[in-house]
Amino acid sequence: MHTERRIKNLCNATETARAIVDFLEVAIHNILYVRQIYPVDLFSRRKKYDTPVWRSRHPELNEYISGAVKAVGEELILGNVDKVVVVIKDHNEVALERFIFSIKHMIQPESYDRDERIVGAISGNALTQYFRSFLVKLSMVESQLGPLIHNDNASFAIVLELQPGKAPLASQGKGDLPPWNPAPRQHTTEGASENAELHLVRAVETGVINIALGVQESEEKLDRLEDWLGANVKGKRKAL
């Protein structure tokens, strides 16, 4: 079980980035649980930010999530991240849902002052409250979304979208970060069609790095859902 790491008196860019990275890892596990990408018995109930959360018990899955989030953290500290996207996809790699964590850097401190106190930054206790609220909202996101059709055999991927002109550190052979592979355009936010539907879940303004979460249902998912619902209605009429 993870030891709860209190985020007290958080007033600098480095600690804010680390806190957001910790939150992202927790959120990704909960997305997989809530959307039932894996069997529910693969997850165990934990406590984080003073609220119940779910975490995978599968070592390889946990290693993938942890490695991806660590790589995100390195880019986040440098101010390179634009979005982190958890893509729910079918067996043909078609995006069905995109959980989009949008990142906005309110300041861009030089490397020598990333650990200095920042006037106006949110306190650690307040940030913990915001993260708790995020996770509560996330646990109820199914009420906003249509179901994933069972024959889609859904899986997921973590997509990192960087600021324009930026390249990931791993591609430059720096550190022990896991390599990033180019994402199919259809998995990215730019690959979403105009008919996709976006639902805002929550936003947090830290005064240093702001983060917002939205869930996007792809046009492909919405079309399949409409066909599935129509077929069920027809089937019920025939039964009558």
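Visitor: In which sense do S3 and S5 pair, parallel or antiparallel, and over how many bridges?

Guide: Two strands are taken to pair if DSSP finds at least two bridges between them. S3 and S5 are joined by 8 bridges and pair in the antiparallel sense; one example is Val81, whose bridge partner in S5 is Leu162. The structure is a predicted model, in which local features need pLDDT of at least 70 and side-chain atom pairs count only at pLDDT 80 or more, while totals for chains, interfaces and linings use all residues. Residues are numbered from 1 along each chain as its sequence is written, and side-chain values use heavy atoms, with hydrogens and water left out.

Visitor: How many helices and strands does the chain have, and in what order do they run?

Guide: Helices (H or I, at least four residues) and strands (E, at least two) are DSSP runs, numbered from the N terminus. This chain has 4 helices and 7 strands. Read from the N terminus, the elements follow the pattern α-β-β-α-β-β-α-β-β-β-α.

Visitor: What is the strand order of the open sheet, and which strands stand at its edges?

Guide: The open sheet has 5 strands in the order S5-S3-S4-S7-S6, with antiparallel pairing. S5 and S6 are the edge strands; each has a single partner strand, so one side of each lacks a neighbour in the sheet. From one strand to the next, the twist averages 15°. For such angles, axes are lines fitted to C-alpha atoms (for helices over the stretch in contact), and the values run from 0 to 180 degrees between N-to-C directions.

Visitor: How many bridges join S3 to S4, and what is found in their hairpin?

Guide: S3 and S4 run antiparallel and are joined by 7 bridges. Val86 has Phe99 as its bridge partner in S4, and Lys89 has Ala95. The hairpin has 5 residues between the strands, and there Glu93 takes a positive phi near 70°.

Visitor: Why does Glu93 count as partly exposed, and which residues does Glu93 touch?

Guide: A residue is buried under 20% relative accessible area, exposed over 50% and partly exposed in between (1.4 Å probe, protein chains only). Glu93 has 37% relative accessibility and therefore counts as partly exposed. Not counting residues up to four places away in sequence, Glu93 touches Gln186 and His187. The C-alpha atoms of Glu93 and Phe156 are separated by 9.1 Å, although these residues are 63 apart along the chain.

Visitor: Where does Tyr49 lie, and is Tyr49 buried or exposed?

Guide: Tyr49 lies in the loop between strand S1 (43-48) and strand S2 (51-56). At 1% relative accessibility, Tyr49 counts as buried. Its phi is near 55°, a positive value in a residue other than glycine.

Visitor: How many residues does the largest nonpolar core have, and which have the most contacts inside it?

Guide: A nonpolar core is a set of buried Ala, Val, Leu, Ile, Met, Phe, Trp, Tyr and Cys residues joined through side-chain atoms within 4.5 Å. The largest one here has 51 residues, and Phe23, Phe99, Phe101 and Ile211 have the most contacts inside it. Elements giving two or more residues to this core include helix H1 (13-34), helix H2 (59-77), strand S3 (81-89) and strand S4 (95-105). H1 gives the most, with 13 residues. Leaving aside neighbours within four places in sequence, Phe99 is in contact with residues including Ile31, Val86, Leu138 and Leu213. Another core, of 5 residues, lies apart from the largest one and has Val85, Val87, Ala95 and Ile100 among its members.

Visitor: How many residues of H1 are buried, and what span should H1 have?

Guide: H1 is mostly covered, with 18 of its 22 residues buried. The expected span of a helix is 1.5 Å times one less than its number of residues. The 22 residues of H1 should therefore span 32 Å, and its end C-alpha atoms are 31 Å apart, which agrees. Gln36, which follows H1, has a positive phi near 55°.

Visitor: What share of the whole chain is buried?

Guide: Buried residues make up 49% of the 240 residues in the chain. S3 is mostly covered, with 8 of its 9 residues buried. Among contacts in the chain with a separation of 6 or more, 75% come from residues 24 or more positions apart.

Notes. Contact = heavy atoms within 4.5 Å.
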